[in-house]
Amino acid sequence: MSTNNDFILLKELVSLVENKGYAKTLNILKDNNTKGYEVNDPNDFLILEMVSKTFGISVDEIIKSRYSRGDMKYAIGFCVYYMYQGKSLGEIQKKVFKDRNKGLLFRYRQMIIELTKKDLPYFDIKQTLDKEFENFKKTNK
């Protein structure tokens, strides 16, 4: 029975290579193989988790999404804003947002810095996240 499944899998793989080409097939397999995110710094992980929970967007999506519009743009901005307090923009890009341009990360961070009361609901989100991070810092000293 396993032999039949192996044959079907191999047949599908050959068909995929014929239709998409070798390079695209390899990219598809790589993308599907690396769905999980890997963040080694506990502070970065905490920031990603808090922002993820606040926006209702998975951490994996925040890190790897190709398009940044609306809430996604602000979620990335908040992550960079809080991570920047302990790292350089280059470190953030190399260790967390590998597929993003440094200039883009800078602009998203700048959006968060320039939030005013007119920018609801993002201004309120910033106030809430600021309090959460302050409370976390106080309790974990």
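Trainee: What pattern does the protein chain follow when I read along the sequence?

Mentor: The pattern is α-α-α-α-α-α-α-α. Keep in mind that this is a predicted model. The secondary structure comes to eight helices and zero strands.

Trainee: Why is Lys126 called buried?

Mentor: Its relative accessible area is 14%, and buried means under 20%. Since 14% falls under that cut-off, Lys126 counts as buried. Lys126 lies in helix α8. Leaving aside neighbours within four places in sequence, Lys126 is in contact with Phe78, Tyr81, Tyr82, Ile112 and Leu115.

Trainee: What makes Lys126 and Asp130 a salt bridge?

Mentor: Look at the closest N and O atoms of the pair, which are 3.0 Å apart. A salt bridge needs a side-chain nitrogen of Lys or Arg within 4 Å of a carboxyl oxygen of Asp or Glu, so this pair qualifies. Both residues lie in helix α8, four residues apart, about one turn of the helix.

Trainee: And Asp130, is that residue buried or partly exposed?

Mentor: Asp130 is partly exposed, with a relative accessibility of 24%. Partly exposed covers the range between the buried cut-off of 20% and the exposed cut-off of 50%, so 24% belongs there.

Trainee: How many salt bridges does a search of the whole structure find?

Mentor: Three. One of them joins Lys87 and Asp41, with the closest N and O atoms 2.4 Å apart. Lys87 lies in the loop between α5 and α6 and Asp41 in the loop between α2 and α3, so the pair ties together parts that are 46 residues apart in sequence.

Trainee: What makes Asp44 and Lys87 a salt bridge as well?

Mentor: Their closest N and O atoms are 3.2 Å apart, and the limit is 4 Å. Here the linked parts are helix α3, which holds Asp44, and the loop between α5 and α6, which holds Lys87, 43 residues apart.

Trainee: Which of these residues count as buried?

Mentor: Lys87 does, at 13% relative accessibility, and so does Asp44, at 3%. Asp41, at 23%, is partly exposed.

Trainee: Which residues make up the nonpolar surface patch?

Mentor: Leu10, Leu13, Val14, Val17 and Tyr22 make this patch of about 470 Å². Helix α1 gives the most to the patch, with four residues.

Trainee: Now the inside: how many residues does the largest nonpolar core have?

Mentor: The largest nonpolar core has 34 residues, and those with the most contacts inside it include Leu48, Phe55 and Phe78. The largest share, ten residues, comes from α5. Not counting residues up to four places away in sequence, Phe55 touches Asp71, Tyr74, Ala75, Phe78, Tyr122 and Ile125.

Terms used. Residues numbered from 1 in each chain as written. Predicted model: local features only at pLDDT ≥ 70, side-chain atom pairs only at ≥ 80, totals over all residues. Heavy atoms only, no water. Patch = residues over 30% accessible without salt bridge, like charges linked within 9 Å, V, L, I, M, F, W, Y side chains within 5 Å. Areas by Shrake-Rupley, 256 points an atom, 1.4 Å probe, with all protein chains shown as cover. Helix = DSSP H or I, 4+ residues; strand = E, 2+ residues; numbered from the N terminus. Core = buried A, V, L, I, M, F, W, Y, C linked by side-chain atoms within 4.5 Å. Buried < 20%, exposed > 50% of the residue type's maximum accessible area, 1.4 Å probe, protein only. Contact = heavy atoms within 4.5 Å.
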